[in-house]
Amino acid sequence: MKQPSWIGLAGPTASGKTAIALALAAEVPVEIISVDSALVYRGMDIGTAKPSAAEQAAVPHHLIDLIDPLEAYSAAQFVADARRLIGEIRGRGRWPLLVGGTMLYFKALIEGLDTLPAADPALRAALDAEAAERGWPAMHAELARVDPVTAARLPPGDSQRIQRALEVFRASGRPLSSWHQAGQRQVADDGLLVSLEPDDRAWLHRRIAQRFDAMLEAGLLAEVQALRQRGDLHLGLPSMRCVGYRQAWECLEGDLAPLRERGIAATRQLAKRQLTWLRSMPQRQRIAAEAPDAARQVLQALSGRGAVPV
């Protein structure tokens, strides 16, 4: 079997990806490429479970702290950055280890991207203003009229993707789904994707609750309060829509009491979406996240493809 050009370690939030990645780094010469749409933001450390300074010192990490929360980072940018880094890391005689839970990024790297219209800040601002007046469920209903295929796979509260789908339609006159069907794709399907997926959903739910509690104890509210006090950030930005940040922001505007419940619920929903994405990627090698020997199983999977010595 052909040796892969990169190694991927995917899985839902709180499935243990970081710990296993660091364990692998102790056995294999790797550099870690973050596959996480939240870790790109500077100043967002606690709520993103960003690797600590010690962890980043132990093994080189890439695509962390790239941009300010006021900026945006796309799947296309990730693919370009990841392709460049994969080549550079291989050139240094190390393995590129792609670790994270942003499945859209993994899928874009493996299957390629459609050539979509570029983001239009003015159009996005207009859509945000319209949504503030009508609500995102109404915007979702509009999307269902112009692009029923895309609307069918998006929940009414998925404001970020509803906005992008409407933006594409209004900019091009074509539904987003038609671009997906017709796009010319450049793929990178020569990697080995290992996926940590729990057999016991209750195990994952316990870990999600424990991790959110740890974030609260570490100062998540203070971190979000500092971001709010900047004065230039708002809930319409992709950064502030990140799970945990959105809920903390909303509770800081009113009642803090429901924060823990809302934060854990939103994180569970995120994990469910991540698992749905993973099930649509049949090339992955699945490993039970809660298995006591999960790290050893990952190492065996890599050995089986010649990515590490047996």
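# Close-up views of a predicted model

View 1. A search of the whole structure finds 0 disulfides (pairs of cysteine sulfur atoms within 2.5 Å). C251 counts as buried because its relative accessibility is 1%; buried means under 20% relative accessible area, exposed over 50% and partly exposed in between, with a 1.4 Å probe and protein chains only. C242 is buried too, with a relative accessible area of 12%.

A quick note for all the views: this is a predicted model, in which local features need pLDDT of at least 70 and side-chain atom pairs count only at pLDDT 80 or more, while totals for chains, interfaces and linings use all residues. Residues are numbered from 1 along each chain as its sequence is written, and side-chain values use heavy atoms, with hydrogens and water left out.

**View 2. An aromatic cluster built around three rings.** Y73, F78 and Y105 form one aromatic cluster. A search of the whole structure finds 2 aromatic pairs. To pair, rings of Phe, Tyr and Trp (its six-membered ring) need centres within 6.5 Å; planes under 30 degrees apart count as stacked, over 60 as edge-to-face and the rest as tilted. The rings of Y73 and Y105 have centres 6.2 Å apart and planes at 70°, so this pair is edge-to-face. This pair links distant parts of the chain, 32 residues apart: Y73 sits in the loop between β3 (61-62) and α3 (75-91), and Y105 in helix α4 (residues 103-111). Helices (H or I, at least four residues) and strands (E, at least two) are DSSP runs, numbered from the N terminus. Both Y73 and Y105 are buried. The rings of F78 and Y105 have centres 4.7 Å apart and planes at 15°, so this second pair is stacked. It too links distant parts of the chain, with F78 in helix α3 and Y105 in helix α4, 27 residues apart. F78 is buried, as is Y105.

**View 3. Two arginines over tryptophan rings.** The charged end of R90 sits over the ring of W95, at 4.7 Å from the ring centre. For a charge to sit over a ring, NZ of Lys or CZ of Arg must be within 6 Å of the ring centre and within 35 degrees of the ring normal. Have a look at R228 as well: its charged end sits over the ring of W249, 5.1 Å from the centre.

**View 4. A crossing of helices α6 and α8.** The axes of helix α6 (residues 136-146) and helix α8 (residues 159-172) come within 10 Å and cross at roughly 40°. That makes α6 oblique to α8, where angles under 35 degrees count as roughly parallel, over 145 as roughly antiparallel, 65 to 115 as roughly perpendicular and the rest as oblique. Axes here are lines fitted to C-alpha atoms, for helices over the stretch in contact, with angles from 0 to 180 degrees between N-to-C directions. The crossing of α6 and α8 is left-handed, meaning that the near helix is turned anticlockwise from the far one by less than a right angle (clockwise for right-handed).

**View 5. A loop with positive phi values.** L63 is in the loop between β3 and α3, and its phi is near 65°, a positive value in a residue other than glycine. L63 is buried, with a relative accessible area of 6%. I64 is found in the loop between β3 and α3 and counts as buried at 11% relative accessibility. The C-alpha atoms of I64 and K50 are 8.2 Å apart in space, while the two residues are 14 apart in sequence. D65 lies in the loop between β3 and α3; its phi is near 60°, again a positive value in a residue other than glycine. With 32% relative accessibility, D65 counts as partly exposed.

View 6. D213 lies in helix α10 (residues 201-218) and counts as partly exposed at 30% relative accessibility. From C-alpha to C-alpha, D213 and I264 are 8.8 Å apart, although 51 residues separate them in sequence. A122 lies in helix α5 (residues 121-134) and is exposed, with a relative accessible area of 58%. A122 and M44 are 78 residues apart along the chain, and their C-alpha atoms are separated by 26 Å.
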